[in-house]
Amino acid sequence: MPNSIRKAVMQAMTGVYDPEIRRPITDLGMVEGVEVEGGKVIVHALLTVAGCPLQDTLARDIEAAARGVDGVTDVTVHLDVMTEEQRANMTARLRRSGTAPQSPPDTFHGTATNVLVVASGKGGVGKSSLTANLAVALAERGKRVGLLDADVYGHSIPAMMGIADERPTMVDDVIMPVMAFRVATMSLGLMKESRDQVIAWRGPMLDRALTQMLSDVYWGDLDYLLVDLPPGTGDMPMSVARQLPTGQVLVVTTPNEAAYEVAERAGTLAKMLKQQVIGVVENMSWLETVCPHCGNTHRVDLFGSGGGAAVADALTLSSGDPVPLVAQIPLDAALRVGGDDGRPVVVAEPDSPAARAIRRLADTFQ
């Protein structure tokens, strides 16, 4: 009987995934042993590093899986830390599996990962908030999602995802992205010593930083990698195009003329760099407000109208390929509040106008 329970518990462990590496703990050599005495079970598990920030999550998952085995009445989880040799064996196992870090250009070439690059011609159009919320919306739909903050100077993704004070875990020379809302997130902002530290780099340093965030980070098997570009047509968009040439570009704009004229340049640069522009997103399209006189809800075009369609038409004309207007996101205070609080609006206010629009956009990638 003890042997049958031990085997059943070990089988149950194959369904427990490391919350950072996102692979079964049995594949990673993290189950050191199982003891059985009657209906009482002790699972000895190994953490990849001391002080693992998600060790409580791992212990709960192990306990829940073991309790689901017939005949088990009590479960104790003992956590220890891998030795250097055990970590080296785990890293080698990951590399053999083909999901460990690779060398750019195009780390994700030949994989099933869809790379979505979110660009804008200027700042202040809500590009980063859209990227963060779209990533979370895709993860809610069961997709395995990574989020790379390539906006080195203005990295706002960590704060928007509620992880600005967290740091990635290092396993030997491999960086584990920080998990937030089921999205594997990486940003240079997570690597700084303090949040107020300023990054003042030029082109070669920017390119090297992007290389490290692609090649030194364990992204695992992703369905989607979303890349938040800095605004404009500078060094980083060109580095991303070189290192992720299969990336498909979404251009974000607002309805007003000053924004959409600049947004068109971002799309044109993507075309020059041989990237496919798959659509335009118009942000802050309108404000829904309740009229104090009639009590009805009206749309107010605070920033004008037609900018997204104008960008889509111009890029279609210049490239010869159809570039549709794929979404219009209304101006919504809940979107701003969610960004400030570190809780994306699709989670914090799922029924808000902006959240509904972003979910509809996510549905187009199903």
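This is a predicted model: local features need pLDDT of at least 70, side-chain atom pairs count only at pLDDT 80 or more; totals for chains, interfaces and linings use all residues.
Trainee: Which residues in α1 meet which residues in α2?

Mentor: On the α1 side they are V9, A12 and M13, and these meet I62, A65 and A66 in α2. By class, this contact has six nonpolar residues, with no polar and no charged ones.

Trainee: At what angle do helix α1 and helix α2 pack?

Mentor: Helix α1, which covers residues 2-13, and helix α2, which covers residues 55-67, pack at an angle of about 135°, and their axes are 9 Å apart. Angles from 65 to 115 degrees count as roughly perpendicular and those over 145 as roughly antiparallel, so α1 is oblique to α2. The crossing in which α1 passes α2 is right-handed.

Trainee: How do helix α4 and helix α12 pack, and which residues in them meet?

Mentor: Helix α4 (residues 127-140) packs with helix α12 (residues 353-363) at an angle of about 60°, with the axes 9 Å apart, and that makes α4 oblique to α12. In α4 the residues L130, N133, L134, A137, L138 and E140 take part, and they meet I358, R359, L361 and A362 in α12. Sorted by class, the contact of α4 with α12 has seven nonpolar residues, one polar residue and two charged residues. The crossing of α4 past α12 is right-handed.

Trainee: Where do the axes of helix α8 and helix α9 come, and at what angle do they cross?

Mentor: The axes of helix α8 (residues 257-272) and helix α9 (residues 307-319) come within 9 Å and cross at roughly 35°, and α8 passes α9 in a right-handed crossing. Y260, A263, E264, G267, T268 and K271 are the α8 residues in this contact, meeting G307, A310, V311, A314, L315 and S319 in α9. The classes here are six nonpolar, four polar and two charged residues.

Trainee: Let us turn to single residues. Is S215 buried or exposed?

Mentor: A residue counts as buried when its relative accessible area is under 20%, and S215 is buried because its value is 13%. S215 has its place in helix α6, residues 203-215, and its side chain reaches the backbone oxygen of T211 at 2.7 Å. The side chain of S215 also makes a polar contact with the side chain of D216, at 3.4 Å.

Trainee: What is S239 in contact with, leaving aside its neighbours within four places in sequence?

Mentor: With those neighbours set aside, S239 is in contact with D207 and L210. S239 lies in helix α7, residues 235-243, and at 8% relative accessibility S239 counts as buried.

Trainee: What is the phi of F181, and where does F181 lie?

Mentor: The phi of F181 is near 55°, a positive value in a residue other than glycine. F181 lies in the loop between β8 (178-180) and β9 (183-187), and F181 counts as partly exposed because its relative accessibility is 28%.

Trainee: Where does M284 lie, and is M284 buried or exposed?

Mentor: M284 lies in strand β12, residues 276-290, and M284 counts as buried, with a relative accessibility of 19%. M284 is not a glycine, although its phi is positive at about 55°.

Technical notes. Residues are numbered from 1 along each chain as its sequence is written. Side-chain values use heavy atoms; hydrogens and water are left out. Axes are lines fitted to C-alpha atoms, for helices over the stretch in contact, and angles run from 0 to 180 degrees between N-to-C directions. Helices (H or I, at least four residues) and strands (E, at least two) are DSSP runs, numbered from the N terminus. Angles under 35 degrees count as roughly parallel, over 145 as roughly antiparallel, 65 to 115 as roughly perpendicular and the rest as oblique. A crossing is left-handed if the near helix is turned anticlockwise from the far one by less than a right angle, and right-handed if clockwise. Contact means heavy atoms within 4.5 Å. Ala, Val, Leu, Ile, Met, Phe, Trp, Tyr, Cys and Pro count as nonpolar, Asp, Glu, Lys and Arg as charged, and the others, Gly among them, as polar. Buried means under 20% relative accessible area, exposed over 50%, partly exposed in between (1.4 Å probe, protein chains only). A polar contact is a pair of N or O atoms within 3.5 Å; within protein, one must be able to donate a hydrogen and the other to accept it, and residues adjacent in sequence count only if both atoms are side-chain atoms.
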